[in-house]
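Welcome! Have a look at it first, and then follow the points below.

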Amino acid sequence: MPQMLYRPTFMQVNLQAIQSNIQQMQQMLPVNTELIAVVKANAYGHGDIEVAKAALQVGVTILAVATPEEAIRLREAGVSADILVIGASPASFVPVASEQKITLTAYSLEWLQSINQFDQPLKIHIKIDSGMGRIGFVDEDELKHALAFIKTKEWLEVTGVFTHFATADEALNKHYEEQVENFQCMLSLFHEKPRIVHTSNSAAALQYPEQNLDAIRFGISMYGVAPSPWLSDYLPFPLEKALSLHTEVVHVKKVKKGTSIGYGAVYTAEEDEWIATLPIGYADGLLRKLHKQTVLVKGKRVPIVGKICMDQCMIRLEEPVPIGEKVVLIGKQEAEEITVEEWAKTLETIPYEICCMFSNRIPRLYSE
Ligand SMILES: *Cc1c(COP(=O)(O)O)cnc(C)c1O
């Protein structure tokens, strides 16, 4: 998809990698188990509409988003597949959800009572809080009341029931087992089993195939990222990374020993040095705390020097390069690779947060 870029900074998103990760996962699933593609938060920064369409092309039938706005965006882009909003939706969204056939999450009796006045067809999945402590039914009596309430509303259709694991990305643990048990216990209160019972995020889907039930919710690993460093050693198939981050050198100069670089003049050249300027900064997601991160030029790691500015940063080169020299901040260049996981380590966070922190100012380019 050619796109005119004046600033040569962009994210490359490999949709084939996403499709391949989905297909590899699908091959592990029983034939009747559906794969719900989780495209919340702009598809973890990769671009919600493009990722949703790519996922639908390889047999995904349901998309999950976190908010009403995210669901509306997909509908406005012409996506007609089932969409499940997995977060809380206010009652004011219910008429729109009904009209646009968006499935909502019912997570408490209070929420159900808040939509009492409504009378148009609405699909819901019931969320059980089996040990995440976020949203969902915890109490058996409350769930029984809710199921009785739903029975009196013929316009309400329960098409699914689900829960979410807090510790599926670690080695088998007691908390996970308790969640499985709690969920089964809540499920036994249903007189009729809803069509789609689902529990697994990427971590559980990859690690506990027996838990894959009627559907899985596939998020981070669809984008080629392991849910945790621990799980990356136990993946049933290799994941293909979808995201890479690129820019080009826009300025190169030789500075004399003792010259300082950037705000605060905190970096000083220890000898005569080649310094290049890159058109990317913290407003793009290259956070100031990444100042110790390296970037790739000519297949080699080179350091960022000085403080990262809002829109630019400086790197130190061994030798001069021409203006327009390609720079990889995340991704492969020749034999070297910098991963989202490496940035996560540098920033003492998780890869999920890295994917989500690239601003709208970074164009996403898609290779198909
Ligand atoms: C975000 C989310 C997912 C996806 O989790 P991954 O770890 O990215 O696979 C699944 N279910 C719920 C309820 C979520 O909020």
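There are 12 salt bridges in this structure, which is a predicted model. Side chains of opposite charge can pair when their charged atoms come close. Let us begin with some of these pairs and then step back to the rest of the chain.

**Salt bridges across the chain**

- Glu34 pairs with Arg195, and their closest N and O atoms are 3.7 Å apart. Arg195 is exposed, at a relative accessible area of 51%.
- Asp284 and Arg361 also meet through their side chains, in a salt bridge of 2.9 Å from N to O. Asp284 sits in the loop between strand 14 (273-278) and strand 15 (294-297), while Arg361 sits in the loop between helix 12 (351-356) and strand 20 (364-367), so this pair ties together parts that are 77 residues apart in sequence.
- Is Asp284 buried or exposed? Asp284 counts as buried because its relative accessibility is 0%, below the 20% cut-off.
- Glu342 forms a salt bridge with Arg301, where the closest N and O atoms are 2.9 Å apart. Since Glu342 belongs to helix 11 (residues 340-346) and Arg301 to strand 16, the pair ties together parts that are 41 residues apart in sequence.
- Glu342 counts as partly exposed at 22% relative accessibility, and Arg301 counts as partly exposed at 33%.
- Salt bridges with shared partners join Arg7, Asp284, Asp311 and Arg361 into one network.

**The chain as a whole**

- The chain has 12 helices and 20 strands.
- Its C-alpha trace spans about 80 × 40 × 35 Å along the principal axes.
- How many of the residues count as buried? Of the 368 residues in the chain, 54% do.
- Among the contacts with a separation of 6 or more, 66% are between residues 24 or more positions apart.

**On the surface**

- The chain exposes about 17,200 Å², and carbon and sulfur atoms supply 51% of that area.
- Tyr282, Leu287 and Met310 make a nonpolar surface patch of about 250 Å². Met310 can be found in the loop between strand 16 (300-305) and strand 17 (313-317), and Met310 is partly exposed, with a relative accessible area of 42%.
- A negative surface patch is formed by Glu270, Glu271, Asp272, Glu318 and Glu319. Glu318 is placed in the loop between strand 17 and strand 18, and it counts as exposed at 76% relative accessibility.
- The chain carries 34 positive and 45 negative charges, whose mean positions are 6 Å apart.

**A look inside: Val327**

- Val327 is part of strand 18 (residues 326-333), and Val327 is buried, with a relative accessible area of 1%.
- Which residues is Val327 in contact with, leaving aside its neighbours within four places in sequence? They include Leu245, His246, Thr247, Leu278, Val295 and Gln333.
- Val327 and Thr9 are 318 residues apart in sequence, and their C-alpha atoms are 9.3 Å apart in space.

Technical notes. Residues numbered from 1 in each chain as written. Predicted model: local features only at pLDDT ≥ 70, side-chain atom pairs only at ≥ 80, totals over all residues. Heavy atoms only, no water. Helix = DSSP H or I, 4+ residues; strand = E, 2+ residues; numbered from the N terminus. Buried < 20%, exposed > 50% of the residue type's maximum accessible area, 1.4 Å probe, protein only. Contact = heavy atoms within 4.5 Å. Areas by Shrake-Rupley, 256 points an atom, 1.4 Å probe, with all protein chains shown as cover. Lys, Arg positive; Asp, Glu negative; His and termini not counted. Charge placed at Lys NZ, Arg CZ, Asp CG, Glu CD. Patch = residues over 30% accessible without salt bridge, like charges linked within 9 Å, V, L, I, M, F, W, Y side chains within 5 Å. Salt bridge = Lys/Arg side-chain N within 4 Å of Asp/Glu carboxyl O.
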